[in-house]
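These are my notebook entries on a structure that I looked up element by element. I recorded each point as I came to it.

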Amino acid sequence: MLVDVGEASAFPERGMRALDVNGRRVVLVRWGEEWFGLYDRCPHQGGPLGQGVVLAGPRSEGVGRIGVDEREPVVSCGWHGWQFYARTGRSTWDEGCRVPSYRVEVRDGRVMLDAPPSWRLARQA
Amino acid sequence: MYEGPIIDPDVHHSWKSEDWIIDHLSPRWREFARASGRGHVPLAAPGTHWPHLHGVNKRLDGYPADGSPSGSDYETMKRQLLDPFHIERAILSFDVGTNPGVFNADFAIELCRAINDWNIEYWLGMGDPRLYSAILVPTRTPEAAAREIRRVAPRHGHLAEVLLVYSGLGKPFGDPAYDPIYAAAAEVGLPIALHVGGELTCGTGRAMAGGMAGSRLEMHAVASQPTLHHLVSLITHGTFEKFPSLKLMLIEVGVAWIPWLMFTLDAQYPILRLESPWVKRLPSETFREHVRVTTQPCEFPEQPKRLIELLQCFDGIEDLLCFCTDYAHWDEDEPAYVGSRFPRAWWPKLFWDNAAWVYGFPRLDTAGRAG
């Protein structure tokens, strides 16, 4: 179910913002023309991801050489710096560790987040 | 999840503006501090800093809305730490207390006095019964440090420990040159807290034995080196024989090293005690009797039981460990997460009783409530 979370132009071009969507805390990431949604709770110790930073993903180019992948932004938790790919919610170092991710699209200048129907039900209950 | 009260021995607090401390200096030192006319002289040791992931060594949401330093705002600390985690006793321990490492030894004496006075007036003056604090002392001048302990300790009942971070004489803390500090602490009935960081961030050149680390990961993995040396020094120099009532809290060095270091000391003691004949008992016995260790930054192996199996190699370990958060540093630990890694049966001691012994607080009552 798509939920309107605001005017696209109000979001920084490379950044993120924590929002309340149907009672659920969500981090909305804008990376140029791409948009991503993540659950705003780090699976490590429960830190608020939205209080962290978003940056281009790290990429090893061999021992002693570090590069960045501009196409894969990562969200770095504001507590301990655990990092997750904004696109998938997957940890940058552990396949088995991930944050729930949500599809985001822009329609007529409005940012729409695909919120699971259970959020609305949980809120009504 | 543990839902009882918690003692947190490692809460980093600060001032909103360094002017608050400068205003507490005596007129001569106030002039000195502001002599440049632009800004002022540093109030802490010139640091050696490894880059942090986010550019600062704090959790990013720990900064107050008014832009003041992390740990400087009571309401933020109350909202993020004291209230949600049921912290019934928070031991405020500055950020992280390297101020005695300023170059001028006389200024260090005056700076510690000003900081202690400000601390009593501002933080302990708030009247929140959960707030306790460390006393900061000029470690380069142990006699002056002892005078400061005797001066300030009687002034407030919530001064809970003497904080040692910077080994000002360039010697490990068991060196007899530091004895005046321990004599004064024992006299006023306060424990010593030894917090990691003095060698690391005071530009001492003694940060780590193998040479300076080339990254934060490298540094952080071996950051406990100097503190473990201080502990060995205190035991082998007989500090606890000279001051039998002295208690020591080790802060921010993790816990997994305990079996290794105690086994090593005990094994070598019968052969090498020739130089420490005054140490009458096995080092591990002294350790058990006088020392407690905070958990943060706790080692978290992939299988939690591995840490417990390792720790249980040292008999009675559950009587020695004290939970702490290290608020609001970037690597702070959260009570529910740490609790999930330790046996439920350890929780009352881990979160309260062991630290209560150090600070002289009542133990939990039979219902698990703070006394």
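Predicted model: local features only at pLDDT ≥ 70, side-chain atom pairs only at ≥ 80, totals over all residues.

**Entry 1: B:Trp20**

I located B:Trp20 in helix H1 of chain B, which covers residues 19-22. Which residues does B:Trp20 touch, leaving aside its neighbours within four places in sequence? I found B:Trp15, B:Trp118 and B:Tyr122 in contact with B:Trp20.

**Entry 2**

I traced an open sheet of 8 strands in chain B, in the order S1-S2-S3-S4-S5-S6-S7-S8, with parallel pairing. Which strands stand at the edges? I identified strand S1 (6-11) and strand S8 (321-322) of chain B; each has a single partner strand, so one side of each is left without a neighbour in the sheet. I noted the general rule that strands of a sheet pair through backbone hydrogen bonds, either parallel or antiparallel.

Within this sheet I examined one pair. Strand S4 (residues 159-164) of chain B runs parallel to strand S5 (residues 192-195) of chain B, and 3 bridges join them. Opposite B:Val162 I found B:Ile192 in S5(B).

I also looked at a helix against the sheet. Helix H3 (residues 74-82) of chain B lies across S1, strand S2 (87-92) and strand S3 (131-136) of chain B, and runs at about 130° to S2(B).

**Entry 3: helices H5 and H6 of chain B**

I compared helix H5 (residues 142-152) of chain B with helix H6 (residues 179-188) of chain B; their axes come within 8 Å and cross at roughly 15°. Angles under 35 degrees count as roughly parallel, and H5(B) is therefore roughly parallel to H6(B). The crossing of H5(B) with H6(B) is right-handed. Among the residues making the contact I listed B:Ala145, B:Ile149 and B:Arg150 of H5(B), and B:Ile181, B:Ala184 and B:Glu187 of H6(B). By class, I recorded 10 nonpolar, no polar and 3 charged residues in this contact.

Which residues of H5(B) are buried? I noted B:Pro142, B:Ala144, B:Ala145, B:Ala146, B:Glu148, B:Ile149 and B:Val152. The buried residues of H5(B) pack against helix H4 (105-122), S3, S4 and H6 of chain B.

**Entry 4: a loop glycine of chain B**

I found B:Gly205 in the loop between helix H7 (198-201) and helix H8 (216-221) of chain B. Is B:Gly205 buried or exposed? Its relative accessible area is 63%, and B:Gly205 is therefore exposed. B:Gly205 lies 9.7 Å from B:Gly170, C-alpha to C-alpha, and the two are 35 residues apart in sequence.

**Entry 5: strands of chain A**

I turned to strand S3 (residues 24-31) of chain A, which runs antiparallel to strand S4 (residues 34-39) of chain A, with 6 bridges joining them. A:Trp31 stands opposite A:Glu34 in S4(A). The hairpin of S3(A) and S4(A) has 2 residues between the strands, and A:Gly32 takes a positive phi near 65° there.

I finally recorded that S4(A) also pairs with strand S8 (residues 101-107) of chain A, in the antiparallel sense over 3 bridges. In that pairing A:Gly37 stands opposite A:Tyr102 in S8(A).

Notes: Residues numbered from 1 in each chain as written. Chains lettered and ligands numbered in written order. Heavy atoms only, no water. Axes fitted to C-alpha atoms, helices over the stretch in contact; angles between N-to-C directions. Helix = DSSP H or I, 4+ residues; strand = E, 2+ residues; numbered from the N terminus. Parallel < 35°, antiparallel > 145°, perpendicular 65-115°, else oblique. Left-handed = near helix turned anticlockwise from the far one by under 90°. Contact = heavy atoms within 4.5 Å. Nonpolar A, V, L, I, M, F, W, Y, C, P; charged D, E, K, R; others polar. Pairing = 2+ DSSP bridges. Buried < 20%, exposed > 50% of the residue type's maximum accessible area, 1.4 Å probe, protein only.
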